[in-house]
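Have the chain open beside you as you read.

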Amino acid sequence: MADLRRVLSAPSVALVGAGYAFATLSIVADVQVASLMPGATGWMAVVVAGLVCLLASSSFAELSAMFPSSAGVRLYLQKAFGDRFATAMSSAYIFTVIAASGAEAYVFGSVFEALIPRGPPVWVYMVAAFAVVGVINYRGIELSAGFQNALSLIMFVFLLGVSVAALVQFGGRLENWTNPFATGATAEGLISAVAVAIFLYAGFEWVTALAEEAEDPRVIPRGMAGSVVLLGVVYGLLNLALVSAVPKEVLSGAKPWLDGVNYGARPHVVFVKVVFGPYETLGLVAAGALSFLASMTSFNAGILTTSRFLYAMSRDRTMPRVLSRIHPEYFTPAVAVVTLTMVALVSSMLLLLFGGFNAFTFAVAGSEALMLGLVAVCVMRLRRKEPAAERAYRVPLHPVSTLAIALIFAFLFVTVFLTPQPEARVGLAIYVAIVLFFVGYTLGVVPRLKQTASKASEARTRTS
């Protein structure tokens, strides 16, 4: 059977991680964070969440160096807690993230529907986006990585440029951007904002699934840390720029803008329009380009990383065997790529029919917080179970730092579902439903898959 190719460098890994985390839906989440904080202090919650994620990345770095496998987080959980727990929790993790692609596709399509009033309906843009990304990922890692690098660089340079332009024009309006406890605000509000801000970084750790395609095992930890730093700078600056140019009530959709349009699902459109001022047409083109870049980099990185994860699970006999097939010409997990593209497309269509895209912000933030905490616990357990195992990288200040990471993310996991917005409870229901489904899958389907694989292996042995 063909193997995956080792071609990825640290900058490529950083751009995959950052590009995955930054989607059009992230701008909506950045506005949610700003709404939970007084004045223009939302950037502080973004920075605090980034520092916490950077600390958490050290746990992934240690385990990725120990187990450089496409199985990534599933292998870490398996080594620490056993196979059943690992299969159920890691499957729920991957499919929560993929299901959230539907929310991103909805926002992506709604932006273009608003920008082109006489154009195609929303679903056409959604199908086109997934089709392009599916084909690119099917055709090879070099093509998908090159696509990711080019689009991510353009997107982040544009975001930094438009944020600086906004602050130059409107920064003088900011009355409070340094005191998170002004006007009676409490620590509870800051904690809720940090919990939601975790969503902004969701996906940076998925690059561990690319370990079998990295030039060197050290590439993954370096690229992962680079993606968190890049995201912190971009999100923090954008948060400050957004509220400097447009009132929070308009960004969140609580009130329409002066043109009578409600921009709640696409706050970046009104933001870019305001920044471009008299050049409104150019601003609309820029808003469309930003949506395209954010969504395509997120879709591309999402399929790129999660397909390797699904491929590894299939190889370990916890998913159908067909998902581990490598394309003989392109050296990609082609069946896994097609499967995940279809799952994301179905999710987006369901969301188009039933609505509720905001709830996925909370479902993904909760899933992310739980997994980051669990991986820190994995480090603690494996330090005791396998003290002599070779570790190319070690979490500094262990066990104090790893215990702190686990407790922080356990607290944030609870907090994210206790935030005042009603979508938080819907997000919790979505996440619990996905977890329960994969608990049933682990107990009912996986044993049959392993039994079938075992019989096939015995038959091949007898034949040979």
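Helices here are DSSP runs of H or I with at least four residues, numbered from the N terminus.

α5 covers residues 83-115 and α6 covers residues 122-138; they pack at an angle of about 125°, with axes 8 Å apart. Axes are lines fitted to C-alpha atoms over the stretch in contact, and angles run from 0 to 180 degrees between N-to-C directions.

## A word on the model

This is a predicted model, where local features need pLDDT of at least 70 and side-chain atom pairs need 80 or more, while totals for chains, interfaces and linings use all residues. Residues are numbered from 1 along each chain as its sequence is written, and side-chain values use heavy atoms, leaving out hydrogens and water.

## Tucked-in α1

Helix α1 spans residues 10-21. Of its 12 residues, 10 are buried, so α1 is largely enclosed by the rest of the structure (buried means under 20% relative accessible area, with a 1.4 Å probe and protein chains only). Among them are Val13, Leu15 and Tyr20. The cover over these buried residues includes α2, α5 and α9.

## And α9

Helix α9 runs over residues 219-245. It's mostly covered too, with 20 of its 27 residues buried.

Methods
Helices (H or I, at least four residues) and strands (E, at least two) are DSSP runs, numbered from the N terminus. The expected span of a helix is 1.5 Å times one less than its number of residues. Buried means under 20% relative accessible area, exposed over 50%, partly exposed in between (1.4 Å probe, protein chains only). Contact means heavy atoms within 4.5 Å.
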